[in-house]
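Here's a quick tour of a protein model for your first structure class. Have the sequence and the 3D view open side by side, and follow along.

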Amino acid sequence: MARKNTAKQARLDERAAQIRNQLEAERRRTNIIIAAFAVLIIGGAGVLYFLVNPPQFGPRAAVITGKAVGAIQTIPDEGRSHLARPARVTYKHQPPSSGNHYTDKEAPRPWGNVQTELLPEEFIHNLEHGGTVLVYQCSGSGAGSDCDAKFQAAQALLDGLPKDPTYNEVKFLATPYQEMTPKAALLAWDHEWDFTNVPNLSDAKTFYNQFLNKGPEQLQ
């Protein structure tokens with residue numbers, strides 16, 4: 001009788017061991033399935049993120065979000081006599097939007113975007129010919145600097161402004177300029193609009209279109 005009980009107990013223990021092994025195998029399979037789903041979900045989310053936010057290669061220009069400081073101002077006219085270099089002028093208002101200036105063979109400075117700071121005696125001639133000038137304060141030099149970021153932002157404005165239909169060019173000039181209180185300003189002849197930084201394209205277009213070809217001398 002004792003041997004029968006021992007054999008029965010052995011069978012029961014063997015069956016219990018089989019059940020435990022089976023449960024352990026099912027638990028491992030469940031964990032593998034859960035892990036596989038987690039990998040798929042995380043991987044899919046990663047792919048989606050990179051599709052929406054592709055990686056940037058190379059230097060990325062700083063985002064410029066300059067806001068207008070007040071309304072467009074009318075600045076008292078300071079004259080417009082032509083000077084020979086290297087004569088300099090002490091302007092009553094900074095940044096100047098009128099005044100005596102260089103002529104450089106009667107033509108204004110080529111329109112565009114420059115990194116080397118221009119003298120007001122140079123860019124005022126562009127205002128006289130009905131163009132817009134952006135002046136902005138900046139610091140540092142080289143790629144990634146504050147000046148480089150603002151130069152890139154000014155270039156975006158130049159690229160986004162419409163051409164003057166008469167001369168088929170964008171009558172816009174941008175230059176660093178430190179001798180002023182505002183951080184940035186759009187200038188037209190006898191007019192100024194101050195900003196906390198390089199303005200956005202919408203504001204630049206508004207100012208540009210309002211004063212295009214309204215300088216006292218409309219020759220190219």
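Which strands do the buried residues of α2 pack against? They pack against β2 (82-83), β3 (101-102), β5, β6 and β7. Before we dig in, a word on the ground rules: this is a predicted model, where local features need pLDDT of at least 70, side-chain atom pairs count only at pLDDT 80 or more, and totals for chains, interfaces and linings use all residues. Residues are numbered from 1 along each chain as its sequence is written, and side-chain values use heavy atoms, with hydrogens and water left out.

**Helix α2**

- "Buried" means under 20% relative accessible area, "exposed" means over 50%, and "partly exposed" is in between, using a 1.4 Å probe and protein chains only.
- Among the buried residues of α2 are Phe-123, Ile-124 and Leu-127, and also Glu-121, Glu-122 and Glu-128.
- After α2 comes Gly-130, which has a positive phi, near 85°.

**The sheet**

- Six strands make an open sheet with mixed pairing, in the order β1-β8-β7-β5-β6-β4.
- β1 (68-74) and β4 (112-113) sit at the edges with a single partner strand each, so one side of each has no neighbour in the sheet.
- Helix α3 (residues 146-160) packs on the sheet and touches β4, β5 (132-136) and β6 (172-176); contact means heavy atoms within 4.5 Å.
- The direction of α3 makes about 165° with that of β5 (axes are lines fitted to C-alpha atoms, for helices over the stretch in contact, and angles run from 0 to 180 degrees between N-to-C directions).
- As for what holds a sheet together, strands pair through backbone hydrogen bonds, either parallel or antiparallel.

**Strand β7 and its partners**

- β7 (residues 184-188) pairs with β8 (residues 191-195) in the antiparallel sense, over five bridges.
- β7 is also joined to β5 by four bridges, and those two run antiparallel as well.
- Look at Ala-184 in β7: its bridge partner in β8 is Phe-195, and Tyr-136 stands opposite Ala-184 too.
- Five of the five residues of β7 are buried, so the strand is largely enclosed by the rest of the structure.
- Ala-184, Leu-186 and Ala-188 point one way from β7, while Ala-185 and Leu-187 point the other way.
- β7 and β8 form a hairpin with two residues between them.

**Lys-67, out in a loop**

- Is Lys-67 buried or exposed? Lys-67 is exposed, with a relative accessible area of 59%.
- You'll find Lys-67 in the loop between α1 (2-52) and β1.
- Leaving aside its neighbours within four places in sequence, Lys-67 is in contact with Asp-194, Phe-195 and Thr-196.
- Lys-67 and Ala-184 are 117 residues apart along the chain, yet their C-alpha atoms are separated by 9.7 Å.

**The disulfide**

- The structure holds one disulfide, which is defined as a pair of cysteine sulfur atoms within 2.5 Å.
- Cys-138 and Cys-147 form it, with their sulfur atoms 2.1 Å apart.
- The torsion about the S-S bond of Cys-138 and Cys-147 is about 90°, so this disulfide is right-handed.
- Both ends count as buried: Cys-138 at 11% relative accessibility and Cys-147 at 17%.

- Most residues other than glycine have a negative phi, and most peptide bonds are trans.
- Asn-168 has a positive phi of about 55° although it is not a glycine.
- Asn-168 is in the loop between α3 and β6, and at 53% relative accessibility it counts as exposed.
- A cis peptide bond joins Arg-85 and Pro-86, with omega at about 5°.
- Another cis peptide bond joins Gln-94 and Pro-95, with omega at about 0°.
- Pro-86 lies in the loop between β2 and β3, and Pro-95 is found in the loop between β2 and β3 too.

How values were computed: Pairing = 2+ DSSP bridges.
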